[in-house]
Number of protein chains: 2
Amino acid sequence: MTLPVFGHTNPDTDAITSAIVYASLLSRLGVTAKAYRLGDLNNETSFVLKTAGVEVPDLLEALPEGTEVALVDHNESGQSISGLSGLKVTRVVDHHKLGDLSSKDPLYLRFEPVGCTGTILGKLYREHNLPIEGWEARLMLSAILSDTLHFRSPTTTDTDREMGVYLAQIAGVTDIKAYALEMFAAKSDLGDTPADKLLKLDYKVFPFGGKQYGLGVMETTNPGYALGRKAEILEAMKQEKAAKNLEGVFFSVVDILEETNQTFVLDDAHAEVIKGVFGADTQDNVADLGNRISRKKQIVPAFEKYFG
Amino acid sequence: MTLPVFGHTNPDTDAITSAIVYASLLSRLGVTAKAYRLGDLNNETSFVLKTAGVEVPDLLEALPEGTEVALVDHNESGQSISGLSGLKVTRVVDHHKLGDLSSKDPLYLRFEPVGCTGTILGKLYREHNLPIEGWEARLMLSAILSDTLHFRSPTTTDTDREMGVYLAQIAGVTDIKAYALEMFAAKSDLGDTPADKLLKLDYKVFPFGGKQYGLGVMETTNPGYALGRKAEILEAMKQEKAAKNLEGVFFSVVDILEETNQTFVLDDAHAEVIKGVFGADTQDNVADLGNRISRKKQIVPAFEKYFG
Ligand SMILES: [Mn+2]
Ligand SMILES: [Mn+2]
C-alpha cells in the first residue's frame, strides 16, 4: 500500500514541498509513500519546483474511507481533504496549533513550534543520519524562506535560521537573500489572475466564537497591484461570504519587504470587527494593521482573544 | 518558570518514570522542569524508584489556570489533572492514540506507535546526542519492561526491544529477564491492599458508544490472589459504577507469565456486553478472555469496534 502524503488545501510552498520531501524521506525509511497536492500551485511554488527540477505532485480529490494517510503542514479537518475524519491518519508532521485531530490507534506525530514544516523535516533527516539530496535541501530551504518571509516573520525561530543556512549549503544556494527575492518576485507576479483566485492565494477558514471566518493573505513585494484591483477583490470576498455562508471574510495585503499589512474590509459590520480585534480604523474599505505580517502568530490569535 | 511534567492519573511505572526522565532531559536542554505524579505509586514503581535510588515525585493536585505544562504517557483530559483544558499544554511525549487534546498555539508533540513512552525518551536522548545516566537508563528500561510485559505484549515493537537492550547496558542490568521478574514480583506483592485500591491499580475510564466504562487491569504473576478476593473486588466495582455513574466496570486479572486474562463481570448486563465484545461466556462472575493481555491493543479496540 502506498501512503498518500499531502499538505493543506490552497497549498503554499511549505504544504507542497513538505509533502514531496516527507514522501521521499519515508520511502528511504522503507515506507512506500507518494506526495499529492490538494489544490493549484501558486506562482512562488511553481518557481521553486521548476528551479529544483521537481515535478508537480498529482492533485488528490478524494480517498476511500479508511485509507491510511500522512499529513504535513496542517492537522485540522477544515484545511484538509474532505472526509478526513473517515480516513486513518497515521503520521503528521506540522508546526501549527493542534485542532480537531484525533485517532483510534497510536500514531506518529511530530509537531514543533517552529516557523516551517521544512525545518522539522530537515531535523528528521539528521536524526535518521540520512544524507540530504541537493533538490531536497532546496525544497526545504524554499519552504523555510516562504513561511518565515526570509527569516523576518515573528514565527521565525533560531532553529529555522540554522536549518536554512545548513540547507542552503547543501542546495548550493550561495546568496540566500537573492534567492528569497527571486521567490518573492515570482509570488508577486500575478498578471491577470482572476480576483477570486487572488483571494484564495493563501486562504483558510477559522472558527472564531463559534462562527466561520475566511482569512486570505497576499504576501507580495508589490502591494500596489492588489490595491489597484481592490473593487474586484471586495466583490470576490462578498461572493465567497455568501457562497460559503461565512460570518466574515477578510483579505490582508502584506508587503513582505516593507513589512506592512493593509487589510480589505467588506462593510461596516466587518469594520466593527476589525476595530474590536485590532483597534484599527477602516477607510475606503482598507484597514492599516501595521506590521502584523503573520496570520498564524499575529492575526488569528488576535481574533481568538477578541471572540474569547 | 518551572514547567510541571506529569503522566496520567492512577500512574503506572511508565507514567512516573517518564515524568522524571523527561524533566531531567528538558533541564539539560535548558528548560527548567520538575516531575510530578497524579496519584499513588504501585508496588512495582516503588520498587523501580528504590532500585534506581530516585526520590518519589511530589503529588500534584491542581494548577492555576493558564499554567504551562508538559504531559507524558497520556494526552486525554479524562486521564489527566482536573482542569487540563484550562492549562496550556506546550509539550507531549506519548505512545497512545490522540484523544481530545487541542491547543491555542503551536506546540511540541512527539507521539510514536511504540510500546512505551520510555522508548521515545531514549530516542530523544540519542537525537540530542546527550549521554544517558545510569539511573535514567534504569528508569526507561523499567518502563519498557513494565509496559511491554518483558517484550511480550502485542504492543511491543522492534524499537522497544532494541532500546531496552541498549538501556540495560547503560544501566548495568546484565540479566534483563531476572530484573523483569523482580519487578513483576514486586507488582504482585499486594498484601492486604483494600479491594477498591486493587480495582484502581491500573484503571482508566473510556467513552464507548457515548457512555463511560471503567476498565481496571491487574497484571500479576499470581492471579490466584485476585481470584481469592473476587467477592470484595466485585463489591468495589459495584460501588465505583454507582459513585461515578458509569455504564459499566470491568476488572481483568492478567497473568503476565502465562499470558491469560480472567475478567471479573458484575452482573448479567455486563455479561451480555462481554459476550458481544469478545464472544466470551461468563461463569461465576468471571469471563475467560484468553490471551488478551493488552488493554490498549486488545481490550479497548474490541469495545470500540462493538460500540461503533
Ligand atoms: Mn508551514
Ligand atoms: Mn506507557
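Author: Two strands pair if DSSP finds at least two bridges between them. Keep that in mind as we look at this predicted model.

Reader: What makes E6(A) and strand E6 of chain B a pair?

Author: E6(A) and strand E6 (residues 108-111) of chain B share three bridges, in the antiparallel sense. The rule asks for at least two bridges, so the two strands count as paired.

Reader: How do you know that chain A and chain B are in contact, and how many residues take part?

Author: Contact means heavy atoms within 4.5 Å. Chain A brings 21 residues to it and chain B brings 21 residues.

Reader: What area is buried between the two chains?

Author: About 1900 Å² is buried between chain A and chain B, and carbon and sulfur atoms give 62% of that. In chain A, the residues that lose the most area to chain B are A:Leu98, A:Pro106 and A:Leu109, together 30% of what that side buries.

Reader: How many salt bridges and how many polar contacts join chain A and chain B?

Author: The salt bridge count between chain A and chain B is zero. For polar contact, the rule finds four residue pairs across the interface, both residues at pLDDT 80 or more.

Reader: Which elements of chain A supply the side that touches chain B?

Author: Strand E6 (108-111) and helix H11 (295-307) of chain A each give at least two residues. The largest share, four residues, comes from E6(A). By class, that side of chain A holds eight nonpolar, five polar and eight charged residues.

Notes: Residues are numbered from 1 along each chain as its sequence is written. Chains are lettered from A and ligands numbered from 1 in the order in which they are written. This is a predicted model: local features need pLDDT of at least 70, side-chain atom pairs count only at pLDDT 80 or more; totals for chains, interfaces and linings use all residues. Side-chain values use heavy atoms; hydrogens and water are left out. Buried area is the accessible area (1.4 Å probe) that two parts lose on being put together, summed over both. A salt bridge is a side-chain nitrogen of Lys or Arg within 4 Å of a carboxyl oxygen of Asp or Glu. A polar contact is a pair of N or O atoms within 3.5 Å; within protein, one must be able to donate a hydrogen and the other to accept it, and residues adjacent in sequence count only if both atoms are side-chain atoms. Ala, Val, Leu, Ile, Met, Phe, Trp, Tyr, Cys and Pro count as nonpolar, Asp, Glu, Lys and Arg as charged, and the others, Gly among them, as polar.
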